[in-house]
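Notebook open, model loaded. I'm jotting down what I look up as I go.

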Amino acid sequence: MSEAAARTKVPGDLRAAVEQLMSRYPRHRSASIPALHWIQKRDGWCTPEGIRQVAEVMDVEPAYLESVASFYDLFKLEPVGENRVLVCTNISCWMRGADDLLGAFCDAAGLDPAEAGHGGASSADGKVFVSGFECLGACDIAPMASVNARYFGPLENGDAATIVASLRAGADVMPEKAIAIRGAAGGPDGPPDPRLGG
Ligand code: FES
């Protein structure tokens, strides 16, 4: 254990969660991704403090976890807007107007489309983060976006302002366009599939 990690105080709930995650794998480093998700859910992003706490429990260097987090676009190593809108701009969505849809989200949130299209941008009020994104695996509802890890589509440009207004108001986002049972990686679990289990 590093000296820095040895000085890190670890909350009991984090220790219990990370130990439970490590118990699922023969090599405890395999728990790095779900442990980083845990921190991102708690703090809103992968904070240095959260990473040090996880590193202490996993007995790895914080730099190792930072290197894992920096590899994946869904992990954030700096603060971003409270609500995350990922607009798919890959081929199927692009052919159905995704660039304009991304622009409409940027107009609604007051963001620069070039910045949003290259790593993402957050609104001045801290409420909305918008980013262009690679294929989110929901090409059948192109053009689509992931809003707080739930999928919505097919979207029209006018929907962007409605969605951003709902996020700012803390209201439900366009339930009529939600893919209710299709969760995104790291998002909340959907309802159980009735075809499975007894
Ligand atoms: S191209 Fe947009 S979800 Fe696949």
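Is Val173 buried or exposed? Val173 counts as buried because it has 20 C-beta neighbours inside 10 Å. My cut-offs: buried takes 20 or more other C-beta atoms within 10 Å of the residue's own, exposed is 12 or fewer, partly exposed is in between, and C-beta atoms are placed from the backbone.

Before going on, some ground rules. I number residues from 1 along each chain as its sequence is written. The model is predicted, so I take local features only at pLDDT of at least 70 and side-chain atom pairs only at pLDDT 80 or more, while totals for chains, interfaces and linings use all residues.

**Val173, continued.** I find Val173 in the loop between α9 and β6 (178-183). Helices here are DSSP runs of H or I with at least four residues, strands are runs of E with at least two, and both are numbered from the N terminus. Leaving aside neighbours within four places in sequence, Val173 touches Val147, Phe152, Ile163, Ser166 and Leu167; contact means C-beta atoms, placed from the backbone, within 7 Å. I also checked Asp159, 14 residues away along the chain: its C-alpha atom is 10.0 Å from that of Val173.

**Whole chain.** I count nine helices and six strands in the protein. Of its 198 residues, 34% are buried. Taking contacts between residues at least 6 apart in sequence, 56% join residues at least 24 apart.

**Confidence.** The mean pLDDT (the predictor's confidence in each residue, from 0 to 100) is 91, and 87% of the residues score at least 70. Helix α1 (residues 3-6) has the lowest confidence, a mean of 53, and α7 the highest, at 98.

**Helix α7.** I tested the length of this one. Its twelve residues (98-109) should span 16 Å at 1.5 Å a residue, and the end C-alpha atoms are 16 Å apart, which agrees. The expected span is 1.5 Å times one less than the number of residues. The buried residues of α7 are Ala98, Leu101, Leu102, Ala104, Phe105, Cys106, Ala108 and Ala109. Their cover includes β1 (83-88), α6 (91-95), α8 (113-117), β3 (128-133) and α9 (157-169). Just after α7, Gly110 has a positive phi of about 75°.

**Strand β3.** Why do I call β3 largely enclosed by the rest of the structure? Because six of its six residues are buried. Val128, Val130 and Gly132 are on one side, with Phe129, Ser131 and Phe133 on the other.

Next I looked at its partners; strands pair if DSSP finds at least two bridges between them. β1 and β3 run parallel over six bridges, and Leu86 has Ser131 as its bridge partner. β2 (residues 121-122) is antiparallel to β3, with two bridges, and Ser122 is opposite Phe129. β2 and β3 make a hairpin with five residues between them, and Gly126 in the turn has a positive phi of about 75°.

Most residues other than glycine have a negative phi, and most peptide bonds are trans.

- Ala142 to Pro143 is cis, omega near -5°, and Pro143 is in the loop between β3 and β4 (145-147).
- Gly153 to Pro154 is cis too, omega near -10°, and Pro154 is in the loop between β5 (150-152) and α9.
- Asn148, in the loop between β4 and β5, has a positive phi of about 50°.
- Ala149 lies in the loop between β4 and β5 and has a positive phi of about 70°.

Asn148 is partly exposed, with 14 other C-beta atoms within 10 Å. Ala149 is partly exposed, with 15.

Terms used:
Two residues are in contact if their C-beta atoms, placed from the backbone, lie within 7 Å.
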